[in-house]
Amino acid sequence: MLSSFSLNDFYYTFPTNRILILDCCPSPYISPVAPDSSPGDEFGGSISLYEDTLVVGARYDDDIGTDSGSAHIFVRTGETWNWVSKLLAPEGETEDYFAFSTGMYNGTVAVGSMSGEIHVYSDYK
């Protein structure tokens, strides 16, 4: 059981804001997509996985201000990754780069920003 993936364990593409996760048969590639992603969000810049929950960072998302960032939560049911929620920094602002880093363990999500702040969430659904 892995608590997170390194960049070598998956393939992501920023122009399309999609990530491809190598998984077991019968469907080797899984591609979760955030419902509101835009080109340039860098969706997939950070990824963490624990059991059937996936956290995907988009540090250049602009919801709170330019490059404020966001993290998306997906839960796997069978072979399908379902989008559950979007996390934003509580005091987010322009150029926070929230979700520059992500971590996940046993139902707790940690999301870091470029400033060194770390936000911890245990109720994200």
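The model is predicted, so local features need pLDDT of at least 70 and side-chain atom pairs count only at pLDDT 80 or more, while totals for chains, interfaces and linings use all residues. Residues are numbered from 1 along each chain as its sequence is written, and side-chain values use heavy atoms, with hydrogens and water left out.

**The whole protein.** Of the 125 residues, 43% are buried, a term for under 20% relative accessible area with a 1.4 Å probe, protein chains only.

**Ser 46.** Next, select residues 43-50, strand S4, which holds Ser 46. Ser 46 counts as buried because its relative accessibility is 7%. The side chain of Ser 46 reaches the backbone oxygen of Ala 99 at 2.8 Å. Beyond four places in sequence, the contacts of Ser 46 include Val 55, Gly 57, Phe 100 and Ser 101; contact means heavy atoms within 4.5 Å.

**The sheet S8-S9-S10.** Ser 101 leads onward. Select strand S8 (101-105) and strand S10 (118-121), the edge strands, each of which pairs on one side only. They belong to an open sheet of three strands in the order S8-S9-S10, with antiparallel pairing; two strands pair if DSSP finds at least two bridges between them. Finally, pick Ser 101 and its bridge partner in S9, Gly 112.

Conventions. Buried means under 20% relative accessible area, exposed over 50%, partly exposed in between (1.4 Å probe, protein chains only). Helices (H or I, at least four residues) and strands (E, at least two) are DSSP runs, numbered from the N terminus. A polar contact is a pair of N or O atoms within 3.5 Å; within protein, one must be able to donate a hydrogen and the other to accept it, and residues adjacent in sequence count only if both atoms are side-chain atoms.
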